[in-house]
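Colleague: I'd like to learn how to read a model like this one. Could you take me through it step by step?

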Amino acid sequence: MTTGQPPATEPQITPADDEQLPSLAEQMADQLGGWRGLVESSIPVVVFVLANVVGELRPAVIASVGVALLIAVVRLVQRRPVRHAVNGLFGVGVGAAIAWRTGDERDFYLPGILYGIGYGVALLLSAVIRQPLVGWIWSVLVAKGRSEWRDDPRLVRTFTQLTVLWGVVWLAKVGVQAGLYLAHQDTALGVARLALGYPPYALLLLITVWTVRRVTRESAPQPLPGG
């Protein structure tokens, strides 16, 4: 039996000791690509809308794809992240290929409409089966693959509610575009594609990041007095 040795104590873990999440602004900027990402992702669609109004379909297709390629090349030369440019190039390229083949300018927007429907349905289904897609995306993009939120009923409930919100908004905005597509409102469809693109996405991101960070802070264990 040993005497004179104080009993070992467990170190108290405080929120300051935890690995800090990126700030709300940092998370928003990363997902949106900053102001440059917002502008660059919109330019090919703007070029297509304007060129199609003043000219013919095929020159408009060539111009929009050319601008998307140029943006991607410039980012590569400048050694900047190309994720947003590549995503935009892929979306523009698929729509342009369909419109070129069918000869109908409406079809430039068809892949985005179909993608939006699929994404909205997937979001709602994931909420129904209690595997909220927003929670898993949060794990990948923000929590570095960690999924401890699955063990916290309050976070599971929060991510489920957020997933439903995302799904409803996504289906609502794609519903507007689908209505314009079926009504052959080509120019209005292009305007709606721009207006209902990043603004709702940015608002949903803001709500998601703010809500999850608030719930996480409230759920974090508080340090013991004098610890």
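Colleague: How many helices and how many strands are there in the chain?

Modeller: The chain has 9 helices and 0 strands, taken as DSSP runs numbered from the N terminus (H or I of at least four residues for helices, E of at least two for strands). Along the sequence the pattern reads α-α-α-α-α-α-α-α-α. A word on the source: this is a predicted model, where local features need pLDDT of at least 70 and side-chain atom pairs count only at pLDDT 80 or more, while totals for chains, interfaces and linings use all residues. Residues are numbered from 1 along each chain as its sequence is written, and side-chain values use heavy atoms, with hydrogens and water left out.

Colleague: How do I read the packing of two helices, and at what angle do α5 and α7 pack?

Modeller: Two packed helices are described by the angle between their axes and the distance between the axes. The axes are lines fitted to C-alpha atoms over the stretch in contact, and angles run from 0 to 180 degrees between N-to-C directions. Here α5 (residues 110-128) packs on α7 (residues 153-182) at about 155°, with the axes 8 Å apart. That makes the two helices, α5 and α7, roughly antiparallel; angles under 35 degrees count as roughly parallel, over 145 as roughly antiparallel, 65 to 115 as roughly perpendicular and the rest as oblique.

Colleague: Which residues make up the contact of α5 with α7: nonpolar, polar or charged?

Modeller: The contact divides into 17 nonpolar, 8 polar and no charged residues. In this scheme Ala, Val, Leu, Ile, Met, Phe, Trp, Tyr, Cys and Pro are nonpolar, Asp, Glu, Lys and Arg are charged, and the others, Gly among them, are polar.

Colleague: And at what angle do α7 and α8 pack?

Modeller: α7 and α8 pack at about 165°, with their axes 9 Å apart. They are therefore roughly antiparallel to each other.

Colleague: What happens at the start of α7?

Modeller: There, a side-chain oxygen of aspartate 152 comes within 3.0 Å of the backbone nitrogen of arginine 154. After α7 comes histidine 184, with a positive phi near 60°. Histidine 184 sits in the loop between α7 and α8, and it is not a glycine.

Colleague: Is lysine 173 buried or exposed?

Modeller: Buried means under 20% relative accessible area, exposed over 50%, and partly exposed in between (1.4 Å probe, protein chains only). Lysine 173, in helix α7, is buried at 11%. Its C-alpha lies 8.6 Å from that of proline 200, 27 residues away in sequence. Over the 227 residues of the chain, 33% count as buried.

Colleague: Where is leucine 189?

Modeller: Leucine 189 is in helix α8 (residues 186-195) and is buried, with a relative accessible area of 0%. Leucine 189 and tyrosine 109 are 80 residues apart in sequence, yet 7.8 Å apart C-alpha to C-alpha.

Colleague: And where is arginine 130?

Modeller: Arginine 130 is in the loop between α5 and α6 (133-141). Arginine 130 is partly exposed, with a relative accessible area of 43%, and its phi is positive, near 65°.

Conventions:
A polar contact is a pair of N or O atoms within 3.5 Å; within protein, one must be able to donate a hydrogen and the other to accept it, and residues adjacent in sequence count only if both atoms are side-chain atoms.
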